[in-house]
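Take a look at the chain shown here.

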Amino acid sequence: MQNLSGGNMVTLKQLAKELEVSISTVSKALNNSEEIGEETIKRVKKLAEKYNYTPNKVALSLKQSKTKTIGVIIPNILNRFLAKVLFGIEREANKHGYNIITCISNESLEKEKESLKLLASGSVDGFILSVAQETQVDNEIEHFKSTINRGLPIVMFDRVAHDVMCDKVIVDDFEATYNATKSLLNEGRKQVVFISNINELSVGKLRERGYNKAILESRKEPVVLKVKKKDDHQKKIKSFLKKNKKIDGVIAADTSSGVIALNTAVSLGMKVPKDISVIAFASKSDSNHTLPKLTTIRQHAKAIGESAAQMLIQRLQSDSPYDDVKTKIVKTSLVKNKSTL
């Protein structure tokens, strides 16, 4: 055995070699990590004491320093809204000298867990994310909780897990749909349908509730058309509108349902907005692609991204990072165009 005496010249590497364990085991044992058994901790500490080993403060501070990087996990890169939120996050993070690493969960719980795990091992200081569809359907939250317990704060936006104690940025999904439905009823619409292809998502459910409340208050019966992933979206909406001739208003929970409903109504010879009005959650650019121009509920995606980045950075820079969690609501706006009266 080599002689390790001689002041504080002994390194973790040498301790590991003599104990025949890995360097990380020695490091974890000295920090009383739960991952290491009591016996090993005792052995490591005994040897460290024997050689007066004290950890190198410079190395420690390097280890504990911040990466100035934020992990962003989004469920779908092709979704315009999510892409614009990402733009807002990036721009705001940049202002404060933070970089971002983006992972796409592709609506998969497994992929979301992998992304968190991958980035939580020292690559990022915290996370901004929108919850994957599969995660919401299965109501899985353990992977979020354990990430937060490891000291990595999370800010959720748009689709959030209500049982996770973390900062959140959402829009007024319920209120926005309630108000949009009211505005169609105030136009004198008699039978307004709610169309959605996001029934499984928290935001989809909230939008449907807002619609239901407005319809029930006006003593009418809710009419809901749910489009599933495997359905032929256009076919389903077309046969619905053909069958239900009395429908004179559409509230769409998502962009494609709104655009398809509008195009289908026109192709069936209906005059929009004379015979039927259409409102959808969509962006300004979406409404520029329809004829007549679609009336939209705009979600201000960039502002959502900015707020999420601000909240996370504040938390990362705060002296007490575990203060009360906050939920910020970014108000939507109803932008009237030519598809409503």
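Helices (H or I, at least four residues) and strands (E, at least two) are DSSP runs, numbered from the N terminus. By that count, E114 sits in helix 6. This is a predicted model, where local features need pLDDT of at least 70, side-chain atom pairs count only at pLDDT 80 or more, and totals for chains, interfaces and linings use all residues. Residues are numbered from 1 along each chain as its sequence is written, and side-chain values use heavy atoms, leaving out hydrogens and water.

**The negative patch**

E110, E114, E134 and D138 form a patch of negative charge on the surface. Patch residues have over 30% relative accessible area and no salt bridge, and like charges are joined within 9 Å. Asp and Glu count as negative. Helix 6 (109-120) and helix 7 (133-138) each give at least two residues to this patch. E114 has a relative accessible area of 47%, so E114 is partly exposed. Buried means under 20%, exposed over 50%, and partly exposed in between (1.4 Å probe, protein chains only).

**Salt bridges**

Side chains of opposite charge can pair when their charged atoms come close. A salt bridge needs a side-chain nitrogen of Lys or Arg within 4 Å of a carboxyl oxygen of Asp or Glu. The whole structure holds 12 salt bridges. Here are some of them.

| Pair | N to O distance |
|---|---|
| K95 and E92 | 3.2 Å |
| K226 and E208 | 3.5 Å |
| D231 and K236 | 3.1 Å |

K95 and E92 both lie in helix 5 (residues 80-95), three residues apart, about one turn of the helix. K95 is exposed at 62%, whereas E92 is buried at 4%.

The salt bridge of K226 and E208 spans two elements. K226 lies in strand 7 (residues 223-226) and E208 in helix 10 (residues 202-217), so the pair ties together parts that are 18 residues apart in sequence. K226 is partly exposed at 37%; E208 is buried at 16%.

D231 is partly exposed at 23%, and K236 is partly exposed at 27%. Salt bridges with shared partners also link K182, K213 and E217 into one network.

Contact means heavy atoms within 4.5 Å. I41 lies in helix 3 (residues 38-50) and is buried at 13%.

S108 lies in the loop between strand 2 (99-104) and helix 6. S108 is buried too, at 19%. Not counting residues up to four places away in sequence, S108 touches A132 and E134. E134 belongs to the negative patch.

Methods
Patches are made of residues with over 30% relative accessible area and no salt bridge: like charges are joined within 9 Å, nonpolar side chains (Val, Leu, Ile, Met, Phe, Trp, Tyr) within 5 Å. Accessible areas come from the Shrake-Rupley method with a 1.4 Å probe; for residues, only the protein chains shown count as cover. The place of a charge is taken as NZ of Lys, CZ of Arg, CG of Asp or CD of Glu.
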